[in-house]
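Here is a walk through one protein chain, written for someone who likes to know the cut-offs behind each word. Please keep the viewer open as you read.

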Amino acid sequence: MLWNKARRSKNVNDTRQGKDARTLTGTTLAAGLAAVALAGAGLYSTLDTPADVIAPAPSYTLNHPLPQPSVEPEEDLQLMFVQSVLGDTEDTWQQLFAQMGRDYPLPTLTLFENGVVSGCGFASSSSGPFYCPSNQQVYLDLGFFNKLEQQFAVVGDFARAYIIAHEIGHHVQLELGLSEPFEKALLEQQPVSGDGGLEVRAELQADCLAGVWAHHAQQRLDWMEPGDIEAALHAAAMFGDDQLQASRNAKVRPETFSHGTSRQRVNWFKTGFASGLPETCDTFTADVL
């Protein structure tokens, strides 16, 4: 993936140890972000639910312990990568929103280590990447990518870009009202989990929207290299509920699914990538996921 072709976003807060928190205006990320949390706001991530997120509403993220990255000069390359991927999601979604006659509100991506006080409450590094709708921010510990390589054999820049794009997909679906059935059920405290449930449909929609981004990014930048799509599809497959449960030597329990099966995640990413159209990501009316 020739990610240096992309424009680097200025909407990255780097709050790792030894780093100054940065935003577009140069202000520091406040420690009291939890105060802005809204009742009923969820927290959305690539995988399943951790036990260490203290939030005002249901949370959906990873529950595996992650190694902590050291802040070394070479890690600036990772920062540049994140800025580039975020910048291209901004360019893509600004263009697509404009075609709909809408403005795309730019989300912020916060890099952290050990733990972070987000707009949805406190989360440790084991939470994995997540999106908090209360303050329109994606949170990411870069050590997560190391864990993916070690535990799931998920490697490659495009696989990492897919993970970021999935979280941005949650931002897009909320802004466009695409996941309204899921949001309504959360507010009404209705059941949402399980195979084919509303939570699964919301997560598969984010996968599809990540595919939409990948479609337009490739058309604009021609930045993919051989094996990039396969790496992203491998990541999507490794994050399927059935695959994750089997990897823990646990019985596969469809009634507990929150993100969809490996096949479903792969297929919906491929759907978005093939069409490049957000309207093809209507997982909520799909008879077959």
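## Ground rules

This is a predicted model, in which local features need pLDDT of at least 70 and side-chain atom pairs count only at pLDDT 80 or more, while totals for chains, interfaces and linings use all residues. Residues are numbered from 1 along each chain as its sequence is written, and side-chain values use heavy atoms, with hydrogens and water left out.

## The chain as a whole

The chain has eight helices and eight strands; these are DSSP runs numbered from the N terminus, with helices being H or I of at least four residues and strands being E of at least two. Of its 289 residues, 57% are buried. Here buried means under 20% relative accessible area, exposed means over 50%, and partly exposed lies in between, with a 1.4 Å probe and protein chains only.

Among contacts with a separation of 6 or more, 73% are between residues 24 or more positions apart; a contact means heavy atoms within 4.5 Å.

In soluble globular proteins, nonpolar side chains tend to be buried together. The largest nonpolar core in this model has 63 residues, and Trp93, Phe158, Trp213 and Trp223 have the most contacts inside it. At least two residues each come from α1 (75–99), β4 (108–111), β8 (137–140), α2, α3, α5 (198–221), α6 and α8. A second, separate core of seven residues includes Phe112, Val116, Ala123 and Phe130. For both, a nonpolar core is a set of buried Ala, Val, Leu, Ile, Met, Phe, Trp, Tyr and Cys residues joined through side-chain atoms within 4.5 Å.

Which residues does tryptophan 93 touch, not counting residues up to four places away in sequence? They are Tyr104, Ile168, Val172, Leu209, Val212, Trp213 and Pro278.

## A covered helix

Helix α6 (residues 228–238) is mostly covered, with nine of its eleven residues buried. Among them are Asp228, Ile229, Leu233 and Met238, along with several alanines such as Ala231 and Ala235. The cover over the buried residues of α6 includes α2 (143–152), α3 (157–176), α7 (241–247) and α8 (262–275).

## Aromatic pairs

How many aromatic pairs does the structure hold? There are nine aromatic pairs. Rings of Phe, Tyr and Trp (its six-membered ring) pair if their centres lie within 6.5 Å; planes under 30 degrees apart count as stacked, over 60 as edge-to-face and the rest as tilted. Phenylalanine 97 and tyrosine 104 form an edge-to-face pair, at 5.0 Å centre to centre and 65° between the planes. Both phenylalanine 97 and tyrosine 104 are buried, and ring pairs link Trp93, Phe97 and Tyr104 into a cluster.

Phenylalanine 158 and tryptophan 213 form a stacked pair, because their ring centres are 6.0 Å apart and their planes are at 15°. The pair links distant parts of the chain, with phenylalanine 158 in helix α3 and tryptophan 213 in helix α5, 55 residues apart. Phenylalanine 158 and tryptophan 213 are both buried.

## A hairpin

Strands β5 (residues 115–118) and β6 (residues 121–124) pair in the antiparallel sense over four bridges; two strands pair if DSSP finds at least two bridges between them. A hairpin through two residues joins β5 to β6, and serine 118 stands opposite glycine 121 in β6.

## Single residues worth a look

Histidine 259 sits in the loop between α7 and α8. Histidine 259 is buried, with a relative accessible area of 0%, and its side chain makes a polar contact with the side chain of serine 258 (2.8 Å). A polar contact is a pair of N or O atoms within 3.5 Å; within protein, one must be able to donate a hydrogen and the other to accept it, and residues adjacent in sequence count only if both atoms are side-chain atoms.

Aspartate 282 lies in the segment after α8. Is aspartate 282 buried or partly exposed? Aspartate 282 is partly exposed, because its relative accessible area is 34%. Its side chain makes a polar contact with the side chain of threonine 285 (2.7 Å). Aspartate 282 and leucine 178 are 104 residues apart in sequence, yet 7.4 Å apart in space, C-alpha to C-alpha.
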